[in-house]
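Thanks for coming. Please have the sequence and the model open as I talk.

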Amino acid sequence: MDLITLKNIKMGPLIPNGIITGDWNFVIAILVGIAFGFILEASGFSSSRNIVGTFYGYNFVVLRVFFTAVIVAMVGLLYFGYFGWINLSQIFILPAFWPSMLLGGVIMGFGFLMGGFCPGTSFTAISIGKIDGLVFTAGLYLGIFMFSESFPLFKDFYNSGNLGHVTLTDVTGISASWFAFAFVIIALTAFWITMLIEKKVRKKITEYKF
Amino acid sequence: MKTQQKNNYRPNYINPYLGGVLLGLLVLLTVYITGRGLGASGAVKSTVVTTANAISPTLAKANDYLGKFISSDHSPMYNWLVFESLGIFLGGLLSGIIFHRIRKPWVEHSPKITSKTRLIFALLGGIFFGAGSQFGRGCTSGAALSGSSTFALGGVIVMLAIFGTGYAITWLFRKLWI
């Protein structure tokens with residue numbers, strides 16, 4: 001009985017496997033986006049002061065949402081693969097151009113602390129009427145434009161150090177389950193420690209309401 | 001009276017762990033359906049490509065970077081991430097309506113800085129984030145969240161670099177926030 005039910009679940013990813021045709025692609029994109037935007041706004045990510053609280057210790061909502069999402073998705077993917085619901089070799093793995101991506105992350109870190117948003121969260125800030133969200137998004141546009149215009153200057157750097165579409169397992173030989181396990185432990189530890197930090201820091205902050 | 005009310009206002013956000021579980025399930029579902037995760041900066045990139053191409057097609061095609069994303073059979077706006085980002089805006093609107101958070105346009109900032117300072121740094125932050133997301137092959141959504149969730153080395157590098165840098169430079173920008 002169980003086996004029959006399991007077999008009725010189509011092997012994903014559905015669109016690459018032709019189970020859902022490409023015509024549905026954009027409908028799915030909008031629906032996924034709506035769910036994404038809803039979760040971001042409902043969690044409080046439409047406020048830059050909530051987001052940056054993660055770095056100053058007064059509100060760790062970003063860390064909680066982000067780490068929970070990563071461990072749920074990681075463990076979920078492994079189970080989907082184990083049950084034969086998804087062919088893990090077909091999913092897109094971000095290529096690792098490590099020097100450029102490391103620099104990109106550092107630049108984004110600066111952007112995060114100055115702007116208080118990341119791209120997705122700034123869109124939801126616009127939805128509820130935040131001018132700072134709109135200005136941040138305008139900045140994104142300018143930043144990408146400036147990057148494109150000056151691209152010849154760092155083209156070689158941008159394309160350097162390509163390790164290919166590699167996973168942590170490809171690089172280390174350690175199985176994905178161990179990485180998922182490690183992430184779960186790290187996340188749970190972080191949830192506990194940040195809860196203690198938050199309690200202490202909040203006593204000193206009066207301007208911000210929770 | 002009004003200020004008093006404003007100061008006592010506590011937004012009713014959902015539990016962050018519930019938000020995280022929902023977001024994780026959404027990443028999982030999206031990968032199950034499309035074979036890829038979520039994204040956000042890609043839509044802004046498509047907008048840059050489209051406007052550059054509209055203003056000067058010759059220059060846009062000649063640009064080493066933008067030229068890669070121009071195709072003769074469809075507009076760069078006809079792209080999965082553009083539709084998804086439109087959805088992000090609509091989803092934010094929906095949540096804003098449900099939880100009564102929609103207001104007339106305003107600038108949120110720490111009481112210790114002015115609106116003008118906030119907006120200048122919001123613009124600068126956007127510029128940095130936009131440029132950084134191109135070096136990083138994605139932002140917090142596409143690279144850090146979806147990349148790490150699929151065990152991609154690149155995703156983990158971007159995640160650690162964003163948050164590591166964020167924590168390393170808190171002192172520099174503290175006056176903007178606390």
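I start with helix α5 of chain A, where 15 of the 18 residues are buried, so α5(A) is largely enclosed by the rest of the structure. Buried here means that 20 or more other C-beta atoms lie within 10 Å of the residue's own; 12 or fewer makes a residue exposed, anything in between is partly exposed, and the C-beta atoms are placed from the backbone. Helices are DSSP runs of H or I with at least four residues, strands are runs of E with at least two, and both are numbered from the N terminus.

Before going on, the ground rules. This is a predicted model, in which local features need pLDDT of at least 70 and side-chain atom pairs count only at pLDDT 80 or more, while totals for chains, interfaces and linings use all residues. Residues are numbered from 1 along each chain as its sequence is written, and chains are lettered from A and ligands numbered from 1 in the order in which they are written.

Back to α5(A). The helix covers residues 98-115 of chain A, and from its first C-alpha to its last it reaches 25 Å, close to the 26 Å expected at 1.5 Å a residue. That expected span is 1.5 Å times one less than the number of residues. Just after the helix, G116(A) takes a positive phi of about 75°.

Chain A has 10 helices and 0 strands. Of its 210 residues, 48% are buried, and its C-alpha trace spans about 60 × 45 × 40 Å along the principal axes. Chain B has 9 helices and, again, 0 strands. In chain B, buried residues are 57% of 178, and the C-alpha trace spans about 60 × 40 × 35 Å along its principal axes.

On contacts, the rule is that two residues are in contact if their C-beta atoms, placed from the backbone, lie within 7 Å. Taking contacts with a separation of 6 or more, residues 24 or more positions apart account for 69% in chain A. For chain B that share is 51%.

How many residues of chain A are in contact with chain B? The count is 116 residues of chain A, against 110 residues of chain B. The chain A side has 79 nonpolar, 29 polar and 8 charged residues. For those classes, Ala, Val, Leu, Ile, Met, Phe, Trp, Tyr, Cys and Pro are nonpolar, Asp, Glu, Lys and Arg are charged, and the others, Gly among them, are polar.

Next, the core. A nonpolar core is a set of buried Ala, Val, Leu, Ile, Met, Phe, Trp, Tyr and Cys residues joined through C-beta atoms within 7 Å. The largest one has 111 residues, and the members that touch the most others are I39(A), A69(A), V70(A) and V27(B). Helix α4 of chain A, residues 61-82, gives the largest share of this core, with 14 residues. Domain 1 (1-102) and domain 2 (107-178) of chain B both give residues to this core, so it lies between them. Those domain bounds come from an automatic or database domain assignment.

Leaving aside residues up to four places away in sequence, A69(A) touches G20(B), L23(B), G24(B), V27(B) and L145(B).

Another residue in helix α4 of chain A is L78(A). Is L78(A) buried or partly exposed? With 19 C-beta neighbours inside 10 Å, L78(A) counts as partly exposed.

As for the two domains of chain B, their C-alpha centres lie 16 Å apart. Across the boundary, 9 residues of domain 1 are in contact with 10 residues of domain 2. On the domain 1 side, α2 (16-34) and α3 (41-55) of chain B each supply at least two residues, and α3(B) gives the most, with 3 residues. By class, that side has 5 nonpolar, 4 polar and no charged residues.

Last, confidence. The model scores ipTM 0.95 and pTM 0.95. Chain B averages a pLDDT of 93, and 94% of its residues score at least 70; pLDDT is the predictor's confidence in each residue, from 0 to 100. Over residues 1-8 of chain B the pLDDT is below 50, and this stretch has 1 contact in the model beyond near neighbours in sequence.
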